[in-house]
Amino acid sequence: MVKNKLTKLMAGVLSAAVVLSGSALMGTATTAKAASTKTVDVTFSLYDAGYVMEPTTLTVSADLDDTYASQVGCTDDTDTPTVLDAVIAAHIKLYGEKFYNTNPFTAPSGWVSAAFGKTTSALGYYVNSASVDAMNTVELSDSDKLEFFFYQDTNYKDVYTTFDKSTVSTTVGASTTLNMKAVSGYDSDYNLVFENASGVAVTSNGTKVGTTDSSGNVKLTFSKAGTYVISVASTTTYNSCPIVAPYCKVTVKKNAQTIAKKSPKKVKKYKYSKKKKRTFKIKVKNAKTKLVYKSSSKKIKVNSKGKVTIKKGTKKGTYKIKVYAKKTTKYKKSNVLTFKIKIK
């Protein structure tokens, strides 16, 4: 009897150990899976006769399709983020994690039937300005550009357009040229075919700034520092069809200026004098804007042209005159030069 009880007790202990061991292993596997979930950073935009979401960097996780499978009605068969995952990420960005309550996204078999608050399949999405297949089959990589748009024309004749650059950094007064292309059709393999988009009015922050020439180019110059969105008006047409507008963000900075001493390059030295004033001129090179002079003493004056006047009776010591070129809408404030005067 004692032996049977002991045997049952040992069996129970072993059974519990197996369960605990199994749980630990499952926990380890779950943790490993979570840690290995792949993510990519992509640029996503949403266009619906105007940008609902301007190009925005989204971190897209490969498990979003599984998380929202019941709401979306579709998953993918890859551990790499897909267009499907990215569109889910965009819904979360715009409407929150429970987007499906107010702005459902459904894509049975990878083909969209509702998205971003609209129940329709009159839409398109391009990856790096190229048409792609069902969204649950298209894998994404870091830095990919995903553009999602709704057609405005009932016959799906909207013309997709794009600039050759999506971002530009330049300086005030410098010229920047953008080239605009428009889809003109498809080749035999159903790849998009582009042509130069000529005669299209281009806007900067909503204001017309130029028109593309016969080569699709538009030359832009900015008079002030700032950030500018280059696009076209939402009412623009191309070959009498609505347009999916191009987008480029231009960052304009002020020009730098570095001034240098021309004369005097060394300390200006004078003997103390009660009766005699002294004068000399400060000369600076490379200044693009008006020079500013600041003296360390009221006994030493500098006019707007750099003429220095040392008043008679100025005490012995070392004095400083600081010089810089002032900032303007086009230029930054320059470096500061220090000229020294020594009265012995």
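In which strand does Lys-283 lie? I found Lys-283 in strand E20, residues 283-285; strands are DSSP runs (E, at least two residues), helices likewise (H or I, at least four), numbered from the N terminus.

I noted that the model is predicted: local features need pLDDT of at least 70, side-chain atom pairs count only at pLDDT 80 or more, and totals for chains, interfaces and linings use all residues. Residues are numbered from 1 along each chain as its sequence is written, and side-chain values use heavy atoms, with hydrogens and water left out.

I looked up the accessibility of Lys-283: at 41% relative accessibility it counts as partly exposed, a class between buried (under 20%) and exposed (over 50%), with a 1.4 Å probe and protein chains only.

I examined the loop between strand E10 (201-204) and strand E11 (207-211), where Gly-206 is found. Gly-206 is exposed at 65% relative accessible area, and its C-alpha atom is separated by 7.6 Å from that of Val-232, 26 residues apart along the chain. Asn-205 is in the loop between E10 and E11; Asn-205 has a positive phi of about 50° although it is not a glycine.

Lastly, I recorded a cis peptide bond joining Ser-263 and Pro-264, with omega about -10°.
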